[in-house]
Amino acid sequence: MSRYRKALAVLSILLILSMVLVACGQKTVTVTVPVERTVEVTVPVERTVEVTVPVTVQPHKGTITVMGVWGGDERVAFQDAVAPFTKESGIGVAFEGTRDLSAVLTTRVQAGNPPDIAILPNPGLLYELAQGGHLIPLDSFMDVDKVKKDYGQSWVDLASYNGHLYGIFYKVAIKSLVWYDPKAFKAKGYEVPKTWDEMMALSDKIVADGGTPWCIGLESGAASGWPGTDWIEDIMLRTAGPQVYDKWVRHEISWTDPAVKNAWEIFGKIALNDKYVWGGTQGELNTNFGDAPRPLFDNPPGCYMHRQASFITGFFPKGLKPGEDYDFFVLPPIEQKWGTPALIAGDVIVMLNDTPEVRQFVKYLASAKPQEIWAAKGGFISANKEVSLDVYPDALTRKMAKAITDAKIARFDGSDMMPPAVGAGAFWTGILDYVGGTDLDTVLQDIEAAAKDAYKK
Amino acid sequence: MHWRKPWAAWLYLAPALLIVLAYLVYPTVATFYYSFLDAHSEHFVGLTNYRWVFTSRAMHIAFRNNLLWIVVFTSATVGLGLVLAVMADRVRYESVVKSAIFLPMAISFVGAGVIWLFMYAYRPANAPQIGVLNAIWVGIFHNHPVGWLTTRSVNNFALIAVGVWIWTGFNMVILSAAYKNIPRELLEAARVDGANEWKVFWKIVLPLMKPTLAVVVTTMIINVLKVFDIVYVMTNGNYGTEVLANRMYKEMFHYYNFGRASAIAVVLLLAIIPVMLVNNRRFREQEAL
C-alpha cells in the first residue's frame, strides 16, 4: 500500500473509532495521532448537553453529569452557580436538561447508566428512586447534623426515605402567591383583598368595569395541568386545614370526599368562568404556564391577578421593577381559622453514582455559595439558613424568602408528594378534564381509581 | 439451490439471527413474562394487569381512539393516495407533483408534530392568531378561534389529519406504480366500448389493483396501531386523545408500573399479528405474480 493510502486508512480507522466511542457515550475522546502527541477532545454527546470548560490551568479531572428540568435562563443560572466549583477543583459539570425528566431518568437508571446527579422537581420521585435502591444515601458521607442545622428538620425529613437522607433541597419556592401590577390596581382604584370573599368581589368588580380579573395557564408539555393542582392544594389548606390535607396527600381520605370536592368547586368558580379568565377555558388549556402572566403587563391589562409560585418572576418580561411594576399578596384565607398557610415546593438534588468527585460536588451544592450566586440573579429562593437575606436582589424576593421561614402553617406541594401515577398523572389530567368541561364527579372518580392502584403498590 | 456445505449458510445467517434473538425474541418473551407480574416486577399477579387493560375507563378511551385512527386514517390515506395516483398519471409535471406530495414522509413524526402544533395554535379572541388554521378561521371566516387540540369533538381528527399529511405520499407512490402496471390496452378497450371514466375506474382499475391495495391497507393498519409520536408531541394523550402506545409509555416511564406497560405491549402485539400475517400472505402472492 502506498504511503498516502496507508495514512488515509489510519485516519479513517481513527475517525470511525472516535465515532464509535462517542456513540458509546464517552464524553471525552482521547485520540492518539501518529506524531506521538496526545490530544484530548471533548465532544458534545447529545444536543442538550453542554460542557463547562474549566478556565484555569487546573488539570481536567473529569466531568460530573447532572440531569434536571431546567432550560433557558434557569439553566444558565445553574451553570453560573457551579462555575466556582469547576474553577477550584478542575472538575467539569455537564448539565442535561429535559422537561420529560421521569422518562429520560428512568431509561438511564434501568440501563445502568445513570447521571451522577439528578435534580428532581418533586420528592415523590425521590421516594420512588430510593425505594428502588438507585440513590446513594447522603448520610454515608455527609454530616447530617450540619444539614439539619442549615436547613431545618422539615427540609431534611422531606428528603429522607426509610431513615436515610437522600437529597438536598436546592431551589425552593412558595406557591401561595397572587401576582398583580400595583400601578394597574391604583389606576382603577382596586385594593388588595384580605379575604377570599373580598377577592371574589374584586373579580366581579373588574368584570363589571369591562376587564378580565384572572390569568391562568395550564399548558406545560408532558406536564400540562400542574398549575391547577397548586390551586386545589392551596384551597384545600384554606378550607379543610393541614391535618385533612395530610390525610388527602397520603390517600387516607378518598378523592370523592366532600372536602376534596368542595376545594375543586371553589377552584371551578374561578377557572370555569369564561368571564373571569383571560382567553376563557380554552385560553387556560392552551396557554403555557410561563406565558400566562404576560397579560398582566399589557396596556390595557389583559388581566389583573395571577396565582403562581415565586419562581414565576423568572418568566416575567425583562426590565420590570419588583415592587413597582409587580408585587404579590398571599392568597387570602377562606376559613378564618386556617389563616394563610404556605404551600411550598422545591427541587431536590440526589446522587446516583458514588465517586469522590461527586461527593465533593454534593457538599458544594449543599453549601451556601451556589445558592447565593443564583439567589442574586432572582427567581430563586434558598432553604439554607446560612444564606443571608441580603443576597436577594430585591425586597420582594426577601419578602418571599421570609414568608417561607415565617409561615405558621406550611405544607409541601401535595401533588409532588403523591405517587407519580397520581401526582404527576391522574391529578394533572383531572385538572385538564375539569377545565375542559368534564363533570366533576367523573373527574374525581377517575383520579380515585388511579389512586387506589398507585398507593397500594 | 444446492449448497455443498449447508452449514456455511447457517454461519452467514448466525450474526443476524443472534441479533434478532437478543433484540427481538428475548424482549418479547420477557415482556410477556413481566405482564403477569406487578408494578415493580416482584410478585406474580396473574391476569390483574390484563383485567385493567380491558376494563379501565382510560384504556377504553385509548381503544376507541386507536379504532378511530384505524378507520379514519386508513381510509383517508389509502383513498387520497389512490385518487392522487390516478390523477397524477394524467398531469404534465407528474414527478414534481409526486415529489411535493411525498415530501412530508421525509420529516420525522416528531418534527411533523411540532410543525402542526404551530398550525393549530390557539390564542384568545382578542389576541392576534399565530396558528394558520385559526388565522384563517378568525380572519377570513370571522369565527371565534378554536382550540383544535383541546376541543374534544375535533382534536382526534386534527391529530389524524397530521398522520394523513405524512403518509398519503407513501401510499400514492406505491399505488401509482401499481396503476402504471395496468396494461393500457385494457383501459383503451374499455373506453372504446363506451365505458365512462368512472366505470373504467371501478370495474377495471380497482379490481386489478386489489393485491397492492391490500398490502397498502394492511401496512397502514400496522402503522396506525403503533401511533405514538404525533399524540405524544401534540397533546400527550390529554383531552380524550389517548392511544395505546402513548399509554404504554406513560405507564412505563412516568408511573413506573412495568406490569401494566407490559400488558399493553402484549395486547398491541396480539392485535398486530393477524394484520401482519395477512400482509405477508398478500405480499407473497404479489411476488408470485
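Of the contacts in chain B with a separation of 6 or more, 68% are accounted for by residues 24 or more positions apart, a contact being two residues whose C-beta atoms, placed from the backbone, lie within 7 Å. This is a predicted model, in which local features need pLDDT of at least 70 and side-chain atom pairs count only at pLDDT 80 or more, while totals for chains, interfaces and linings use all residues. Residues are numbered from 1 along each chain as its sequence is written, and chains are lettered from A and ligands numbered from 1 in the order in which they are written.

Chain B has 289 residues, of which 35% are buried, that is, with 20 or more other C-beta atoms within 10 Å of their own, the C-beta atoms being placed from the backbone.

## Fold of chain B

Chain B has 12 helices and zero strands, where helices (H or I, at least four residues) and strands (E, at least two) are DSSP runs numbered from the N terminus. Along the principal axes, the C-alpha atoms of chain B fill a box of roughly 80 × 75 × 30 Å.

## The contact between chains A and B

Chain A gives 22 residues to the contact and chain B gives 17 residues. On the side of chain B that touches chain A there are seven nonpolar, seven polar and three charged residues; Ala, Val, Leu, Ile, Met, Phe, Trp, Tyr, Cys and Pro count as nonpolar, Asp, Glu, Lys and Arg as charged, and the others, Gly among them, as polar.

## A:Ala23

A:Ala23 belongs to helix α1 of chain A, which covers residues 3-23. A:Ala23 is exposed because 9 other C-beta atoms lie within 10 Å, the limit for exposed being 12 or fewer.
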